[in-house]
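Hello,

Here is the structure I promised to pass on. Please open it and keep it beside this note while you read.

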Amino acid sequence: MALELASLPGVVSISDYVRAVDRFVRMHTRLIDEPEELLIDPRFAIDQIKERGYFFGDCDDTSLLIASLLTVVGIATRFKAISERADGSFGHVFVEFKHGETWKAIDSTLPFAVIYRGPYLVLEV
């Protein structure tokens with residue numbers, strides 16, 4: 001799947017590829033709230049997309065898929081978990097990718113250009 005995205009017309013840079021991944025994940029994800037947290041293996045998500053055109057998941061599932069599609073072509077990624085809850089538990093996760101010396105966010109569950117504020121726990125992949 002990564003090679004297919006990388007070979008799309010107009011994909012000539014890291015930024016182009018990241019945009020293609022973001023578009024792909026947005027188009028092929030049906031976001032759901034999970035009463036019990038489950039992690040969807042990116043290979044399973046890709047299989048579901050190939051079989052029926054989409055997969056069901058939440059922010060951690062889209063983050064795993066994004067990180068996998070970026071990492072497989074050599075782009076460094078890491079996860080950021082955000083806590084905005086009074087008890088300090090984390091309620092959202094998204095991916096950052098390294099572009100040059102800068103880490104940039106990609107989150108296919110939210111509108112474009114979302115700025116995150118608040119305490120983070122950074123986990124490197």
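Which helix holds R19? R19 sits in helix 2, which covers residues 14–27. One caution before going on: this is a predicted model.

How accessible is R19? The figure is 46% relative accessibility, so R19 counts as partly exposed. Buried would need under 20%, and exposed would need over 50%. The side chain of R19 also makes a polar contact, at 2.8 Å, with the side chain of D16. Now look along the chain. R19 and I106 are 87 residues apart in sequence, yet their C-alpha atoms are separated by 8.9 Å.

In strand 5, I106 is the bridge partner of V95. Strand 4 spans residues 92–99, and strand 5 spans residues 102–106. The two run antiparallel and are joined by 5 bridges. Their hairpin has 2 residues between the strands. Which residue there takes a positive phi? That is G100, with a phi near 70°.

**Strands 3 and 4**

Strand 4 has another partner to look at. Strand 3 (77–82) pairs with strand 4 in the antiparallel sense, over 6 bridges. A81 has V93 of strand 4 as its bridge partner. K80 stands opposite F94 in strand 4.

How many residues of strand 3 are buried? The count is 6 of 6, so strand 3 is largely enclosed by the rest of the structure. T77, F79 and A81 point one way from the strand. R78, K80 and I82 point the other way.

**The largest pocket**

How much space lies in the largest pocket? The value is about 410 Å³. The lining has 20 residues, and E37, D58, C59, D60 and V93 lie nearest the centre. By type, the lining divides into 11 nonpolar, 4 polar and 5 charged residues.

Which elements supply the lining? Helix 4 (59–71), strand 3 and strand 4 each give at least two residues. Helix 4 gives the most, with 4 residues.

**D60, beside the pocket centre**

D60 is among the residues nearest the pocket centre, and it lies in helix 4. Is D60 buried or exposed? D60 has a relative accessible area of 12%, so D60 is buried. Setting aside neighbours within four places in sequence, D60 is in contact with E34, E37, L38, L39 and V93. Two of those names, E37 and V93, also lie nearest the pocket centre.

Last, go back towards the start of the chain. Where does H28 lie? H28 is in the loop between helix 2 and strand 1 (29–31). Its relative accessible area is 17%, so H28 is buried. Beyond neighbours within four places in sequence, H28 is in contact with I49, G53, Y54 and F55.

That is the handover. Over to you.

Terms used:
Residues numbered from 1 in each chain as written. Predicted model: local features only at pLDDT ≥ 70, side-chain atom pairs only at ≥ 80, totals over all residues. Heavy atoms only, no water. Pairing = 2+ DSSP bridges. Buried < 20%, exposed > 50% of the residue type's maximum accessible area, 1.4 Å probe, protein only. Polar contact = N/O pair within 3.5 Å; in protein donor to acceptor, adjacent residues only side chain to side chain. Contact = heavy atoms within 4.5 Å. 1 Å grid on protein atoms, 1.4 Å probe; cavity = no way out; pocket = protein on both sides within 12 Å on 5 of 7 lines; lining within 4 Å. Points joined across faces, edges and corners; volume = space filled by probe spheres on them. Nonpolar A, V, L, I, M, F, W, Y, C, P; charged D, E, K, R; others polar.
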